[in-house]
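Trainee: I have the model open and would like to go through the terms used for it. Can we take them one at a time?

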Amino acid sequence: MRLTSLLPLLFSASTLAGLAYKGVDWSSLLIEEKAGKTYKNAAGTTQPLETILKNAGVNTVRQRIWVNPSDGNYNLDYNIKLAKRAKAAGLQIYLDFHYSDNWADPGKQVKPAAWKSLSNDALITQIWTYTNDVLNTFQSNGIQLAIVSIGNEITPGLLFPTGQLSTSSGPKLAAQLLKSAANGVKESNMSPKPKIMVHLDNGWKWDTQQWWYDTVLNSGGGFTTSDFDIQGVSYYPFYNSAATLSALSTSLKNMANKYGKEVQVVETNWPTSCPSPAYAFPSDTKSIPFSVDGQATWIKTVASKVSGVGSKGTGLFYWEPAWIDNAGLGSSCAWNLMVTDKGQDMGSLSAFGSI
């Protein structure tokens, strides 16, 4: 059995005190536990991950849901099992629909295999049915959802090629699909209803955010600002040197001012090891070290950009801090986790005692 130690997540820090949603994505937990992983708190005591998160100040956990994955991981049953643990620990749940059998992100938005032969009209109905059924299943299990994201990083659209924004019919069809998904949430049995989120990547890039919302909202597909409550963004510092903290701040403020919705950074992380980054880090992040202390600084700094929006800046989520078998978390950095191996120097944990 491999023992690990979870670094406290700083979500009780004063910088985050005003944020309504202080969270992490913990989607991979059941897979890690099945592989024999366990977690320790900063004092070295083995505890369920949800206990460690709750005691560190986390109040919401994010979970991705795939339609029909071949191995069952991240499907509805998986998510119900995970969500029951979150509920028992007193954590709120944010469900992230991928509308795919596997990863959906800016590089791919693949229809579930069972949906591929559907006509456009049937697909619009199907996304309502599926979304509605998932929420009703959560409700029947006595599990409330705080937030539902209708799609994951859907900057290029969703359910390709139907809702692909680069096609002539894509913007209108994307809007129709999103309208139907939103209605699936609103017309579910869940009470109270969760907040509905639209989630795009490159949250630092205001022109991309503005292009997307203006394109989809003005497409004639019926999707309007009344159909969602939150604009969620991903913000990673290691893919583009232009992804400055300053640009993030400007983008979030512009979004809130123009569209009047809550804004949240729903994916971010920072490395404690990055010996060979593929891209230069943004200029205003270079004073932040690749270390545990740097990770703490990153969380508090990004939180300050969200809270700097004012009352509409409502949340921050760290992406997969405990996914031990994917320590780079998709980046060119070696270690973005908030976990340290048993064999590593544990003295760095003491830095969190003063926060």
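Trainee: Which residue in β12 is the bridge partner of glycine 232?

Mentor: Glutamine 264 is the partner of glycine 232. Keep in mind that this is a predicted model.

Trainee: What makes β11 and β12 a pair?

Mentor: Two strands pair when at least two bridges are found between them. β11 and β12 share 5 bridges, in the parallel sense, so they meet the criterion.

Trainee: How do you know that β2 and β5 pair?

Mentor: By the bridge count again: β2 (residues 21-25) and β5 (residues 60-65) are joined over 3 bridges, in the parallel sense. At least two are needed, so β2 and β5 count as a pair. Aspartate 25 has arginine 62 in β5 as its bridge partner.

Trainee: Which strands make up the closed barrel, and in what order?

Mentor: The barrel has 8 strands, in the order β2-β5-β6-β7-β10-β11-β12-β13, with parallel pairing. From one strand to the next, the twist averages 25°. Helix α6 (residues 206-217) packs on the sheet, where it touches β10 (195-200) and β11 (230-234). The direction of α6 makes about 125° with that of β10. Helix α8 (residues 292-307) also packs on the sheet, touching β12 (262-267) and β13 (313-318). For α8 the angle is about 155°, taken against the direction of β13.

Trainee: Why is β12 called mostly covered?

Mentor: Of the 6 residues in β12, 6 are buried. Buried stands for under 20% relative accessible area.

Trainee: Why is α5 described as largely enclosed by the rest of the structure?

Mentor: Because 12 of its 17 residues are buried. Among them are Gly170, Pro171, Leu173, Leu178 and Val185. The buried residues of α5 pack against α4 (120-140), β7 (147-150), β8 (157-158), β9 (163-164), β10 and α6.

Trainee: How do you know that the span of α5 is close to the expected one?

Mentor: From its first C-alpha to its last, α5 reaches 24 Å, and 24 Å is expected at 1.5 Å a residue.

Trainee: Why is leucine 158 counted as buried?

Mentor: Its relative accessibility is 1%, and the cut-off is under 20%, so leucine 158 qualifies. Leucine 158 is in strand β8. Not counting residues up to four places away in sequence, leucine 158 touches Tyr99, Ile127, Ala174, Leu177 and Leu178, among others. Between leucine 158 and proline 171, which are 13 residues apart in sequence, the C-alpha distance is 9.9 Å.

Trainee: What makes the pair of tryptophan 66 and tryptophan 103 edge-to-face?

Mentor: The ring centres are 5.3 Å apart and the planes are at 70°. Pairing needs centres within 6.5 Å, and edge-to-face needs planes over 60 degrees apart, so the pair meets both conditions. Tryptophan 66 is in the loop between β5 and α3 (76-88), and tryptophan 103 is in the loop between β6 (92-97) and α4, so the pair ties together parts that are 37 residues apart in sequence.

Trainee: Why is the pair of phenylalanine 238 and phenylalanine 281 put in a class by its plane angle, and which class is that?

Mentor: Its planes are at 70° and its ring centres 6.4 Å apart, so the pair is edge-to-face. Phenylalanine 238 lies in the loop between β11 and α7 (245-259) and phenylalanine 281 in the loop between β12 and α8, 43 residues apart. Phenylalanine 238 is buried at 1% relative accessibility, and phenylalanine 281 is buried at 8%. One aromatic cluster includes Phe238, Phe281, Tyr235, Trp270 and Trp298.

Definitions and conventions:
Residues are numbered from 1 along each chain as its sequence is written. This is a predicted model: local features need pLDDT of at least 70, side-chain atom pairs count only at pLDDT 80 or more; totals for chains, interfaces and linings use all residues. Side-chain values use heavy atoms; hydrogens and water are left out. Helices (H or I, at least four residues) and strands (E, at least two) are DSSP runs, numbered from the N terminus. Axes are lines fitted to C-alpha atoms, for helices over the stretch in contact, and angles run from 0 to 180 degrees between N-to-C directions. Contact means heavy atoms within 4.5 Å. The expected span of a helix is 1.5 Å times one less than its number of residues. Buried means under 20% relative accessible area, exposed over 50%, partly exposed in between (1.4 Å probe, protein chains only). Rings of Phe, Tyr and Trp (its six-membered ring) pair if their centres lie within 6.5 Å; planes under 30 degrees apart count as stacked, over 60 as edge-to-face and the rest as tilted.
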